[in-house]
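Me: I've got a structure on the screen and would like to talk it through. Can you take my questions one at a time?

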Amino acid sequence: MSRYDEGNGFFDFLAEVPLFFKLFGGFLFILVFGVILYVIIIGVRAWSRNNASELLMRTAKAVDKRTEVWGGSGESSTSTNYYITFELDDRTRVELPIRAEKFGLIVVGDEGELTYQGTRFKEFNRK
């Protein structure tokens, strides 16, 4: 009969694990949990900041477009983020993330009425 057959469960096994591995495993658990919690807090903060922002409608001109491609190593698929920079009527510029469907409909040089809330693109109506 082996010592594992005596079995009072999993926690008896943990009693035999060296202290270094217990501490290292605890550190990794706390690190992963901390990173997940941080990402959630940052996302909720941005979401609430955008909700608290005023819905603005301004005359604007599309001055630049860019994409950000990420992922795709090995057999994983890629993802693309789309951004358009608008120059407002007071010459300030704002770069907003935008969905792919809208990205293809707006051309650099287009002028019109931009509606946005915080960092959220809502609508762009060309003149």
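Predicted model: local features only at pLDDT ≥ 70, side-chain atom pairs only at ≥ 80, totals over all residues.

Me: Which pattern do the helices and strands follow along the sequence of the protein chain?
Reply: Start with the parts: the chain has three helices and five strands. Now put them in sequence order, and the protein chain reads α-α-β-β-β-α-β-β.

Me: Which elements give two or more residues to the largest nonpolar core?
Reply: That core has 14 residues, and I84, F86, L96, I106, L114 and F121 touch the most other members. The elements giving two or more residues to this core are β1 (55–71), β2 (78–88), β3 (93–98), β4 (111–117) and β5 (120–126).

Me: What does F121 touch, leaving out residues up to four places away in sequence?
Reply: F121 is one of the core residues that touch the most other members. Skip the residues up to four places away, and its partners are F86, L96, P97, I98, K102, I106, L114, T115 and Y116.

Me: Is T85 buried or exposed?
Reply: T85 sits in strand β2. Leaving aside neighbours within four places in sequence, T85 is in contact with K61, A62, V63, D64, R93, V94 and E95. Its relative accessible area is 12%. Buried means under 20%, so with that value T85 is buried.

Me: And R91, is that one buried or exposed?
Reply: R91 is in the loop between β2 and β3. Its phi is near 75°, a positive value in a residue other than glycine. The relative accessible area of R91 is 65%. The cut-off for exposed is over 50%, so R91 is exposed.

Me: How much accessible area does the nonpolar patch with F27 have together?
Reply: F27 lies in helix α2, which covers residues 19–52. Its patch on the surface is made up of F20, F21, F24, F27, L28, L31, V35, Y38, V39 and I42. Together these residues have an accessible area of about 1000 Å².

Me: What percentage of the contacts with a separation of 6 or more comes from residues 24 or more positions apart?
Reply: Here a contact means heavy atoms within 4.5 Å. Take the contacts in the protein chain with a separation of 6 or more, and the part from residues 24 or more positions apart is 44%.

Methods. Residues numbered from 1 in each chain as written. Heavy atoms only, no water. Helix = DSSP H or I, 4+ residues; strand = E, 2+ residues; numbered from the N terminus. Core = buried A, V, L, I, M, F, W, Y, C linked by side-chain atoms within 4.5 Å. Buried < 20%, exposed > 50% of the residue type's maximum accessible area, 1.4 Å probe, protein only. Patch = residues over 30% accessible without salt bridge, like charges linked within 9 Å, V, L, I, M, F, W, Y side chains within 5 Å. Areas by Shrake-Rupley, 256 points an atom, 1.4 Å probe, with all protein chains shown as cover. Salt bridge = Lys/Arg side-chain N within 4 Å of Asp/Glu carboxyl O.
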